[in-house]
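Colleague: Please take me through this model in some detail, and state each cut-off as you come to it.

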Amino acid sequence: MEATAPVKVAVLGAGSWGTALAALIARHGHPTVLWGRDANIVAAIDQRHENPRYLPDIALPASLRATTDFAGALKDAGLVLVVVPSHAFAETLRDLAPHRPAGAGVAWATKGFEPGSGRFLHEVAEEVLGEDVPLAVVTGPSFAKEVAQGLPTALTVHGCEGDFAKLVADVLHGPAFRAYTGNDMLGAELGGAMKNVLAVATGVADGMQLGLNARAGLITRGLNEMLRLNHAIGGKAETLMGLAGLGDLVLTCTGDLSRNRRLGLALGRGQSIEDAVREIGQVVESVQTVDEVMRQAQRNGVELPISSAVQQVLHGEITPAEGLRLLMAREQKPEYPSGLFG
Ligand SMILES: NC(=O)C1=CN([C@@H]2O[C@H](COP(=O)(O)OP(=O)(O)OC[C@H]3O[C@@H](n4cnc5c(N)ncnc54)[C@H](OP(=O)(O)O)[C@@H]3O)[C@@H](O)[C@H]2O)C=CC1
Ligand SMILES: O=C(CO)COP(=O)(O)O
């Protein structure tokens, strides 16, 4: 295998996923700088090679640099990887725009939409950075903790320009990490956003002890919701049948490392959303994303019963038990009334 020439990479966002990706890239021999806004966390990463808040007890590579100096992190970067939560995505890109080195492409591993507008993150990036900047999204089944521990992982990088998606995949790809490529940013972003909402649904069902049949039914009908909305917006079906869709859906709906699943588990056991989110203590993207998924669904005339029930539960409009009753009382119908997307 041909080794990738070293590329200076700036990773923006020192939470669990930004730290794990920065550590992975640094381990692959690329000069890597991680920007974070919390001086204590940044100092711990830079000097003690650990992120005690977001990835406790995991040793980070000594070659990984961390800083609170935003412009300094970006200096001479050949590639910028944005890993902040969706609510901070647009603001981070606006800060980035004047400091982006000429020629540096911008990728992101954020999952979700722009809160409030429902815009896809690549639409936000195109508007803020301009259409000439190479863009790519990094997505797929990947818990930060496992990546930071060096456990085998596969994900996918979708870009509008093949060369840039390949460059991003090359810096991520390594002995314990397979990075595939694709050119469907719409489908890739939709999958990463919707699976978080569907993970809440399976978490609720498991929290209510509804059994393994219910979990499998929700995952499968959840995939159907993803496929139908994806078809309506013009994404490719294979993207949703791959790592960005099915892969991440299975991981997040079944793995207790998922914060979205844990939110659902807590709600299903009767805890309040406020207490559950506080206890999780990290980003739970579904809370923002569910309204934007439903906005996309309404715009495109697609019915999403499971996602709609999650929205109503997250807004406190119905209880998990009422959500279950609503889903079970739906009219009987063919599994696929008009093909895979019907
Ligand atoms: N963790 C994972 O396994 C995976 C996460 N993702 C996605 O990655 C994105 C980031 O999540 P993740 O790292 O897990 O989240 P965490 O909760 O682990 O960390 C959040 C990070 O975002 C920072 N942050 C919060 N608000 C802002 C802001 N306004 N400006 C700049 N930075 C901010 C926090 O800084 P501070 O500490 O100062 O508050 C912190 O560094 C999400 O979209 C998530 O869905 C995708 C795949 C896997
Ligand atoms: O996106 C993820 C795994 O691919 C992480 O999921 P959570 O945000 O639910 O923890």
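Colleague: Leaving aside its neighbours within four places in sequence, with which residues is Ser142 in contact?

Modeller: This is a predicted model, in which local features need pLDDT of at least 70 and side-chain atom pairs count only at pLDDT 80 or more, while totals for chains, interfaces and linings use all residues. Residues are numbered from 1 along each chain as its sequence is written, chains are lettered from A and ligands are numbered from 1 in the order in which they are written. Two residues are in contact if their C-beta atoms, placed from the backbone, lie within 7 Å. Setting aside residues within four places in sequence, the contacts of Ser142 are Val147, Thr153 and Leu155.

Colleague: Is Ser142 buried or exposed?

Modeller: Ser142 sits in the loop between strand 6 (135-139) and helix 6 (144-148), where helices (H or I, at least four residues) and strands (E, at least two) are DSSP runs numbered from the N terminus. A residue is buried if 20 or more other C-beta atoms, placed from the backbone, lie within 10 Å of its own, exposed if 12 or fewer do, and partly exposed in between. Because Ser142 has 24 C-beta neighbours inside 10 Å, it counts as buried.

Colleague: Which helix gives the most to the shell around ligand 2?

Modeller: A residue is near a molecule if its C-beta atom, placed from the backbone, lies within 6 Å of it, and of the 13 residues around ligand 2 those that come nearest are Ser142, Asp248, Ser258, Arg259 and Asn260. Helix 8 (185-207), helix 11 (243-254) and helix 12 (259-268) each supply at least two residues of this shell. The most, 3 residues, come from helix 11.

Colleague: Which residues does Arg259 touch, not counting those up to four places away in sequence?

Modeller: Arg259 has its place in helix 12, and it counts as buried because it has 24 C-beta neighbours inside 10 Å. Beyond four places in sequence, Arg259 touches Ile280, Gln282, Val283 and Val284.

Colleague: How many charged residues are there in the shell around ligand 1?

Modeller: Around ligand 1 there are 26 residues, the closest being Gly15, Ser16, Ala88, Ala144 and Gln282, and helix 1 (residues 16-27) gives the most, with 3 residues. Ala, Val, Leu, Ile, Met, Phe, Trp, Tyr, Cys and Pro count as nonpolar, Asp, Glu, Lys and Arg as charged, and the others, Gly among them, as polar. By that scheme the shell around ligand 1 divides into 11 nonpolar and 11 polar residues, while the charged ones number 4.

Colleague: Leaving aside neighbours within four places in sequence, with which residues is Ser16 in contact?

Modeller: Ser16 lies in helix 1 and is buried, with 23 other C-beta atoms within 10 Å. Apart from residues within four places in sequence, its contacts are Tyr54, Leu55, Ala144, Lys145 and Gln282.

Colleague: Where is Lys111 found?

Modeller: Lys111 counts as buried, because it has 28 C-beta neighbours inside 10 Å. Setting aside neighbours within four places in sequence, Lys111 is in contact with Thr139, Gly192, Ala193, Asn196 and Glu285. Lys111 itself is found in the loop between strand 5 (105-108) and helix 5 (121-129).

Colleague: Which are the buried residues of helix 7?

Modeller: In helix 7 (residues 162-172), 8 of the 11 residues are buried, so this helix is largely enclosed by the rest of the structure. The buried residues are Phe164, Ala165, Leu167, Val168, Ala169, Asp170, Val171 and Leu172.
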